[in-house]
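This report takes up charged and aromatic side-chain pairs, and then the nonpolar core.

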Amino acid sequence: MELTIKKKAFLENLPKLVEKAVGEYGIRLRKIVIEEDEKGCYTVLITYEAKPR
């Protein structure tokens, strides 16, 4: 099962946020989608594979 979390960030915080996601989810990470809004803030959607039970 895949799970997606949503985070908000400014441009200068994006590299740190992506680095943290890669470090935390590792090979379970499926995709990262970054969308910019009209105010210059970014929404980051991080999709990863949930751990099997």
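The structure holds 1 salt bridge, a term that requires a side-chain nitrogen of Lys or Arg within 4 Å of a carboxyl oxygen of Asp or Glu. It is formed by the side chains of Arg30 and Glu49, at 3.8 Å from N to O. Because Arg30 belongs to strand E2 (residues 29-36) and Glu49 to strand E3, the pair ties together parts that are 19 residues apart in sequence.

The model is predicted, so local features need pLDDT of at least 70 and side-chain atom pairs count only at pLDDT 80 or more, whereas totals for chains, interfaces and linings use all residues. Residues are numbered from 1 along each chain as its sequence is written, and side-chain values use heavy atoms, with hydrogens and water left out.

There is 1 aromatic pair, where pairing asks for ring centres within 6.5 Å and planes under 30 degrees apart count as stacked, over 60 as edge-to-face and the rest as tilted. The rings of Tyr25 and Tyr48 have centres 4.1 Å apart and planes at 20°, so they are stacked. Tyr25 lies in helix H1 (residues 14-25) and Tyr48 in strand E3 (residues 41-49), 23 residues apart.

Burial of the paired residues is listed below; buried means under 20% relative accessible area, exposed over 50%, and partly exposed in between (1.4 Å probe, protein chains only).

| Residue | Relative accessible area | Class |
|---|---|---|
| Tyr25 | 10% | buried |
| Tyr48 | 12% | buried |
| Arg30 | 43% | partly exposed |
| Glu49 | 23% | partly exposed |

Both tyrosines, Tyr25 and Tyr48, are among the 10 residues of the largest nonpolar core, a set of buried Ala, Val, Leu, Ile, Met, Phe, Trp, Tyr and Cys residues joined through side-chain atoms within 4.5 Å. H1 and E3 each supply at least two residues of this core.

Definitions and conventions: Phe/Tyr/Trp six-rings, centres within 6.5 Å; stacked < 30°, edge-to-face > 60°. Helix = DSSP H or I, 4+ residues; strand = E, 2+ residues; numbered from the N terminus.
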